[in-house]
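Here is a short briefing on one protein model. The points are grouped by topic.

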Amino acid sequence: MGALTVTLLVIYPLFDVACAVVDLRSARANARPARGLYVNVALSTLTGIALAVAATSGVPASPRVRGAWAITAGAVQLLVGAARRQLGGQWAMIAGGAISTLAGASFYAQAGTDGASLTNLAGYAFIGGVFFLVSALRLGRAREV
């Protein structure tokens with residue numbers, strides 16, 4: 001794996017950390033539960049570090065780490081979204097968490113095959129970016145109201 005590939009692999013969970021920190025600030029300001037967000041920050045930080053290390057072991061290690069993270073972080077995201085559904089507009093977080101959990105299982109399983117590659121991670125990152133954008137737009141509108 002080249003330096004650009006490794007950088008992109010590591011940036012995604014660190015971007016997730018940044019988004020969760022912004023969400024934490026909003027949750028604390030509005031006296032909303034934030035425990036799941038703290039878990040997400042810890043998981044994503046550890047994943048960024050683990051992906052940097054896994055990249056030195058070759059392609060199969062990276063989808064395993066990414067898969068384990070997607071499963072756990074997706075489950076946390078799903079639970080946080082479900083717990084906050086009374087706020088409205090949480091469908092993107094709930095759907096994103098469910099998709100992440102399923103995609104993570106797929107990445108992990110695919111890592112053990114002979115043709116293990118990072119191709120599926122690009123689609124996952126794109127879809128995740130779309131869900132981040134939808135959530136940010138939704139939360140921005142909620143704050144303006």
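How much accessible surface does the protein have, and what share of it belongs to carbon and sulfur atoms? The accessible surface comes to about 8,000 Å², and 69% of that belongs to carbon and sulfur atoms. Accessible areas come from the Shrake-Rupley method with a 1.4 Å probe; for residues, only the protein chains shown count as cover.

This is a predicted model: local features need pLDDT of at least 70, side-chain atom pairs count only at pLDDT 80 or more, and totals for chains, interfaces and linings use all residues. Residues are numbered from 1 along each chain as its sequence is written, and side-chain values use heavy atoms, with hydrogens and water left out.

**Fold**
- The protein has five helices and zero strands (DSSP runs numbered from the N terminus: helices are H or I, at least four residues; strands are E, at least two).
- From the N terminus, the order reads α-α-α-α-α.
- Of contacts (heavy atoms within 4.5 Å) between residues at least 6 apart in sequence, 68% join residues at least 24 apart.

**Burial**
- Of the 145 residues, 36% are buried (under 20% relative accessible area; exposed is over 50%, partly exposed in between; 1.4 Å probe, protein chains only).
- Ser100 sits in helix 4 (residues 91-111).
- Ser100 counts as buried because its relative accessibility is 5%.
- Leaving aside residues up to four places away in sequence, Ser100 touches Ala70, Ile71, Gly74 and Tyr124.

**Surface**
- Leu4 lies in helix 1 (residues 3-29).
- Leu4 has 60% relative accessibility, so it counts as exposed.
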